[in-house]
Every structure is written in structure tokens, then in C-alpha cells.
Amino acid sequence: MAGPWWSRCRSWSTNCTRAGVFETLRRVSGRSAALSASSPGRASWSSRPRSEAQPSSSTRTNLQIFNFTSSLNRHKPRLLCPTLQPCCCRTIHSDAKVKDPFTLAQKDLTSLYDDIKKELFVSKEELKFLCDYYFDGKGKAIRPMIVVLMARALNIHSNRAGDLLPGQRAIAMISEMIHTASLVHDDVIDGSHKRRGKGTIHEVWGERKAILAGDFILSAASLALARIGNITVVKVLSQVIEDLVRGEFMQLGSKENENERFKHYLEKTFKKTASLIANSCKAVSILVNPDPDVHEIAFQFGKNVGIAFQLVDDVLDFTSGASQLGKPSAADLKLGLATGPVLFACQQFPELHAMIMRRFSSDGDVDRAWKYVLQSDGVEQTNFLARHYGQEAIRHVRMLRPSPERDALIRLTEMVLTRDK
């Protein structure tokens, strides 16, 4: 479980270097130029003109990943034995009472899956059943929830009523459709047998029908996107689909160089997981506010919370049982994937390098790698890195005008970091 990480914080070795991993990460993560160059007296939710020379969101993301990973080798001693600071995710926000994000978003999410099923309406009954299979309301719905809360927070920030615009609600629905279609295709590629506690579509109906079902869900999402009628939003969300495909190709390969390998891992994590959240948040901001700085705040929140979410997911593959995850544990190792805990564990167990390059394909590789990770600081280091990205997400969203929805996004980020399934 992820929870014990917080209780173990104070029990780490006191013989570490004075500069901790969080300080190191803060120094090398490459903060957004548009958001960090403000003056000390600037109000946290104010806006200002954007520099024309500022790089795009996707360019900045790649630069941040490069800056972080290229410094790993220089800061290895600090990363292996950090001086931990008290968890500040819960101290960043000072309001006495924060509304539950699920409660705040419930009104807008109640009919989400019914609306998705209407988008997927077809006369052929088997195809309809295939497409509806995962839209049963039993998923986490984290992505549409983030989009709904971000949209309402942005509406208030932009001096409008907090209620969703029709296009913003459509984006929340589209984000869940794109995500689900990617799961259907991923399960075929990975040969997964279980998803959300039940058999995968390809396991029940076969690979061909699963691929066609995923394609159909994507086509329906594309039609819903076109109906929004905003060409910029179409471009932003089309980027998500490109990133998903590129991320899947990146997952099929690996890097021999250690620093390149970590850079590869974080970039793949952004493309496969965080891009959807980041660009969906950016899309709802475009519909309500013309200021590029506001678009960047939304994008950066989504990017950072998305990477944090995946890092925690990678930890849970080692620390949670199959009954909690709804899928087999150690799944990533069995697929030949080296995630954060394994990459950090390499610093203490160099024999993992050879296993990574052969994708844990030799007899006993999965079991040995599992043991090395649990004997190392890999889980703790990955959790620490997730906290860094979580704090960056909170830092960005706090630039919006205070509102219950903004506060709920802060709370949701904390929940992402402490979840156990």
C-alpha cells in the first residue's frame, strides 16, 4: 500500500547528505518560464501577458524531462539517501474545510456514462455490448472528474458562473472515451487477462473484435470533438492520440544508458498517461479564457498530477495485491517493463541492468527483480518523486482564483498520492 510511505518518512537514515531529493528535484525540474518569473508581490491567482519567446507546452515538457534526467547521475548520492522534509501536500492549503472532490463533481458526472453510451449507439447489438463493457460506472473516473473540477475552477477564475459550458462537459466525456479506447488496445498489446476486476474485452471476445471496439470508441470521440466546433480544442485533443501511440512505441523499447533510460521512462509516462489529463485541462481552459497563461496553468496542473498518478500506479504494482488493483500484481515486470521502482533500485543493485535490457525474459528474472526492488529504496524514491510532481500540480492550480473547485483539485491531488488501488 502507498499509505505506509508517509509513516516511514521519519524513519529514513539520518546519515544522508544535507541537500535532499526534493531540493534537488526543485532545482532541476525546469519550472515553467511563464509561471516562475513573476515578481514576489504577485497575487497567486493573477494573470499577466505571456512572453512571445516562451516555448510551447509540449516543448517545455520535454525540456523538463531532459533537465531532470540529465542530472540524475550528478545527484545519485542525494537521491539514494535524501533528507526528508515534512509532507507539505497537506500544509499547502490552509482552509479549515475542503469539499470532497467526488461530491463536488457528482452532479456533472452522474449521467456521464449514459451520455457516452448514447454517443456509442449502434444497431449491431454485439458491437454495442462490446463498447459499453467498460462504461459501467465502476471505473475510477479520475480523468473526467479532474476535467470537470478544472473547468468549473477556470470558469470562476474567469469571472463566470461555475457551471460547465456544454463544450467543457463534452471534453470530460471525450477524455474518458479516449482513455477507455486506449485501455482496450493496451490490453490486446499486453495480453492482459483482467481489467477493473473482470475479463478484458479481447479475452472474452477475441483480439479482432477488441481492436475494432477500441477503434469505434475513438471514432465516436472524434465526432463528439468535432461537434464542439473549436479548431484549437480539436488540435489540442488530437495531440493526445498522437502521444498515446508514440508512448506505446516508446514502451516497446528501452535504453542502455542509465540516464537516457530514466528520461525515456518519464517521457513515456507523460505521453501515455499525463498528456490526456494535461491537454484535456488545457482544452476546457481554451473554451472559457483567451489568456495563454491560464491555458498553461491548466496544462501544467494536468501534466504534473498525471505523472504523479502514474508513478503511484507503478509503486502499487509492487506494494498492492491483485484484489486491490483489479489486475495481477508485478504485471509490469511480467511484461518486461522497467518502471520507476526498478530504475531507482538499479542504483543499489546494478545486476538489474542486464535484466532490464533482456526485458526480464530469463527464468527467475521477474522474481529476482521483485526482491531487489523491495530490498532497495526504489519504492520510497518513486513515492518521493510522485510527491514532487504532486506539489508542482498544487503550486500551479493555486494560481487560480480561490474557489471550492480549486480546493477540491488540491484535495484530489493529495488523494492521488495516498491511494492504495
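Is Phe360 buried or exposed? What we have here is a predicted model, where local features need pLDDT of at least 70, side-chain atom pairs count only at pLDDT 80 or more, and totals for chains, interfaces and linings use all residues. Residues are numbered from 1 along each chain as its sequence is written, and side-chain values use heavy atoms, with hydrogens and water left out.

Now back to Phe360. Phe360 is buried, because its relative accessible area is 5%; buried means under 20%, exposed means over 50%, and partly exposed is in between, using a 1.4 Å probe and protein chains only. Phe360 sits in the loop between α19 and α20. Its phi is near 55°, which is positive even though the residue is not glycine.

Arg359 is in the loop between α19 (352–357) and α20 (365–375) too. Arg359 also has a positive phi, about 55°, without being a glycine. With a relative accessible area of 27%, Arg359 counts as partly exposed.

Let's zoom out. The protein chain has 22 helices and 2 strands. These are DSSP runs numbered from the N terminus: H or I with at least four residues for helices, E with at least two for strands. Of the 421 residues in the protein chain, 56% are buried. A contact means heavy atoms within 4.5 Å. Among contacts between residues at least 6 apart in sequence, 79% join residues at least 24 apart.

Next, two helix pairs. Helix α9 (residues 142–157) packs with helix α15 (residues 292–319) at about 155°, and their axes are 12 Å apart. Because of that angle, α9 is roughly antiparallel to α15. Axes are lines fitted to C-alpha atoms, for helices over the stretch in contact, and angles run from 0 to 180 degrees between N-to-C directions. Under 35 degrees counts as roughly parallel, over 145 as roughly antiparallel, 65 to 115 as roughly perpendicular, and the rest as oblique. From α9, the contact uses Ile142, Arg143, Ile146, Met150, Leu154 and His157, and from α15, Val294, Ala298, Phe301, Val305 and Phe309. By class, that contact has 9 nonpolar, 1 polar and 1 charged residues. Here Ala, Val, Leu, Ile, Met, Phe, Trp, Tyr, Cys and Pro count as nonpolar, Asp, Glu, Lys and Arg as charged, and the others, Gly among them, as polar.

How do α6 and α22 pack? Helix α6 (residues 101–109) meets helix α22 (residues 404–418) at about 120°, with axes 9 Å apart. So α6 is oblique to α22. Pro101, Phe102 and Leu104 of α6 touch Pro404, Glu405, Ala408, Arg411, Leu412 and Met415 of α22. By class, this contact has 7 nonpolar, no polar and 2 charged residues.

Where is Phe135? Look in the loop between α8 (125–132) and α9. Phe135 is buried, because its relative accessible area is 0%. Leaving out residues up to four places away in sequence, Phe135 touches Tyr113, Ile116, Lys117, Leu120, Glu176, Met177, Thr180 and Ile217. Phe135 and Lys117 are 18 residues apart in sequence, and their C-alpha atoms are 7.5 Å apart in space.

One last stop: Arg195, in strand β1 (residues 194–195). Arg195 counts as buried because its relative accessibility is 16%. Its side chain makes a polar contact with the side chain of Asp187, at 2.7 Å. A polar contact is a pair of N or O atoms within 3.5 Å; within protein, one must be able to donate a hydrogen and the other to accept it, and residues adjacent in sequence count only if both atoms are side-chain atoms.
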